Structure formats: structure tokens, C-alpha cells
Amino acid sequence: MKIFVYMNDLKHLDSFVLKKLYQDGNKIIINKISESSLFFNKVYQDLYDIDIIITDSIEEYEKLINIGAEVFLLSIYKYDEVKSFTTLADIYNYITNKTIVKIIKYTSNYNDEISNFISYCKYYFTKSPYQKWNDIINLESYYFKNSGMFYLAIDVKTKKIVGSIGLENMNDYGILKRFYIDVKYQNMKIGKRLYQKMDKYIKNNTNIKKIYLACKKELSKAHKFYLKNGFIMADKIDINLKYPNCYDYFYKIIK
């Protein structure tokens with residue numbers, strides 16, 4: 001793994017733990033926040049380059065959380081919805097024993113795997129037979145045209161796809177598609193990270209005012225997720241989405 005240590009106070013670093021991380025085969029980059037703005041701007045743009053970021057600044061944590069890498073806060077204070085640790089040794093134990101997932105933009109390197117992943121999820125969650133899906137076969141031309149997007153959640157240790165989310169951009173509105181989390185990776189907030197990454201992309205890079213999606217009626221857990229994140233369930237929507245009667249429709253106004 002590639003670990004970026006981005007700290008206000010480098011004295012907080014435990015050299016023994018850093019050595020252990022290095023001996024485990026990780027590449028470690030250490031920079032002080034006040035002295036590394038140019039370097040960090042380069043790292044910030046490269047979602048594939050960094051797997052884990054460690055910082056001692058809650059302000060930087062809030063900026064870093066949507067980059068895609070796993071972000072850990074080294075702090076004696078606890079914050080809601082923050083992965084915070086009091087020592088670098090605690091972070092080492094987490095990295096060693098827990099699943100590490102990062103969010104990346106889709107690339108053609110995952111062409112075959114994404115097709116298998118979507119078919120697996122469709123079968124597992126909706127009992128749809130395995131088949132070739134037109135939007136996935138032509139993923140780059142289908143989703144990336146007109147500033148659409150497709151993100152993957154990747155298990156850093158196994159290099160496998162464990163989640164996905166796609167955006168079809170129709171100018172003033174968008175359609176969320178292929179939002180899946182591998183059943184073995186659920187309840188790890190990966191769906192939340194994928195959605196927040198896409199939500200930020202929509203707000204910062206598109207003119208989309210409204211988002212739509214369709215979800216099978218029986219997927220109650222997914223329904224709760226959408227409602228919690230500001231979507232409204234509707235019997236009818238004002239665009240033509242052709243799904244069977246076993247699907248419910250949701251929409252959300254982008255503010």
C-alpha cells in the first residue's frame with residue numbers, strides 16, 4: 001500500500017511503527033502540512049496513487065475525506081463520523097487487521113472485472129440472470145460522455161472491486177445507476193463513501209438540478225439509505241425511466 005502521512009507536528013510520529021509499516025512492504029511519504037502545499041496538490045489529483053492518508057489535523061481530515069483514500073486522524077480527541085486514533089500504533093493495528101477500501105474513478109483496467117461484478121450483484125440482490133449489460137460493455141462511452149461519472153470501491157489488499165456507482169448525465173438532470181456493494185463488504189460505510197464522492201462530483205462538475213434512480217421494491221435496506229440521504233420516493237416521476245412494476249422510483253433535488 002502507499003501511505004501518505006500529512007502532519008502538522010511530525011514529532012507525533014512513532015519511528016518504530018513507521019519502520020514496521022515499511023518492513024511490511026508499504027511505501028510511505030511523509031510531509032508537513034505547512035511545507036508541502038505544492039507536493040500535496042499533485043498527490044490530491046492522483047486517486048490511484050494513495051491508498052491511506054494519516055493526518056493530525058481535523059481541518060485537513062475534512063478536506064481529505066472525499067479524495068477516495070482511507071483517511072485516519074491521529075488525535076487525542078474523538079469526533080463523530082471520524083476514524084480517529086490516539087497513537088500511530090493503533091493505526092498500524094487497524095491497517096494490519098482491517099479491510100482497507102479506496103474509491104477511484106473507473107478505468108479500462110477493470111473492464112472484465114466490472115462486468116462480472118455487476119452481474120454477480122444483479123443476481124444476488126435481484127435474482128437477475130447473468131448476462132452482458134449494454135451500459136457496462138460500453139461503460140466509458142455510456143457514462144463518461146457529457147460529464148457523467150463511474151466510481152469503483154476497491155479493496156486495497158486484494159485489489160478487487162467491492163462497490164460501484166454510476167451517473168448518467170442528461171444535462172439538467174442525472175440518473176444514478178449500478179449502485180452496488182458486495183454483500184461481504186456491507187455495513188462498512190462503503191456505500192456512504194461512494195455516494196458522497198458522487199454527490200460532490202455532481203455539485204462541483206455538472207449542471208444537474210435533480211437526480212433520479214430506480215430500486216427494486218424488496219430492497220428495503222437500499223430504500224432506507226436513499227431516504228436517509230435526502231431522496232424522495234414517488235409513484236411517478238417526470239422522466240421516462242422504463243423499469244418493471246417491481247421497482248420503486250426516487251428523486252432528489254440538488255442544492
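Y226 is buried in this predicted model, with a relative accessible area of 8%. The ring of Y226 is paired with that of F250, the centres lying 5.5 Å apart and the planes at 50 degrees, so the pair is classed as tilted.

In total, 22 aromatic pairs are counted. One of these is formed by Y195 and F225, in an edge-to-face arrangement with 6.0 Å between centres and 90 degrees between the planes. Here too, distant parts of the chain are linked: Y195 is in helix α8 (residues 190-205) and F225 is in helix α9 (residues 220-228), a separation of 30 residues. The two partners fall into separate accessibility classes, Y195 being buried at 6% relative accessible area and F225 partly exposed at 22%.

The charged end of K122 is placed over the ring of W133, at 5.0 Å from the ring centre. A corresponding arrangement is found for K210, whose charged end sits over the ring of Y251 at 4.7 Å from its centre.

Electrostatic pairing between side chains was examined next. Side chains of opposite charge can pair when their charged atoms come close. The structure contains 12 salt bridges. Among them is the bridge between E70 and R193, in which the closest N and O atoms are 3.6 Å apart. Because E70 lies in strand β4 and R193 in helix α8, this bridge ties together parts of the chain that are 123 residues apart in sequence. Both residues of the pair, E70 and R193, are buried. E70 and R193 are also linked with K83 in a network of salt bridges.

E81 takes part in salt bridges with two lysines, K189 and K192. With K189, the N to O distance is 3.2 Å. This pair spans 108 residues, from E81 in the loop between β4 and β5 to K189 in the loop between β9 (173-181) and α8. With K192, the N to O distance is 2.8 Å. K192 lies in helix α8 and E81 in the loop between β4 and β5, so the K192 bridge ties together parts that are 111 residues apart in sequence. E81 is exposed, with a relative accessible area of 56%, whereas K192 is partly exposed at 30%.

The loop between β4 (70-74) and β5 (84-85) also contains Y77. Y77 has a relative accessibility of 54% and therefore counts as exposed. Together with I76 and Y79, Y77 makes a nonpolar surface patch of about 360 Å².

No disulfides are counted in the model. C215 takes part in none, its nearest cysteine sulfur being that of C246 at 10 Å. For C246, the closest cysteine sulfur is in turn that of C215, and a bond is ruled out because the separation of 10 Å is too far; the cut-off for a disulfide is 2.5 Å between sulfur atoms. The two cysteines are also assigned to separate accessibility classes: C215 is buried at 5% relative accessibility, while C246 is partly exposed at 32%.

Notes:
Residues numbered from 1 in each chain as written. Predicted model: local features only at pLDDT ≥ 70, side-chain atom pairs only at ≥ 80, totals over all residues. Heavy atoms only, no water. Patch = residues over 30% accessible without salt bridge, like charges linked within 9 Å, V, L, I, M, F, W, Y side chains within 5 Å. Areas by Shrake-Rupley, 256 points an atom, 1.4 Å probe, with all protein chains shown as cover. Salt bridge = Lys/Arg side-chain N within 4 Å of Asp/Glu carboxyl O. Helix = DSSP H or I, 4+ residues; strand = E, 2+ residues; numbered from the N terminus. Buried < 20%, exposed > 50% of the residue type's maximum accessible area, 1.4 Å probe, protein only. Phe/Tyr/Trp six-rings, centres within 6.5 Å; stacked < 30°, edge-to-face > 60°. Lys NZ or Arg CZ within 6 Å of the ring centre and 35° of its normal.
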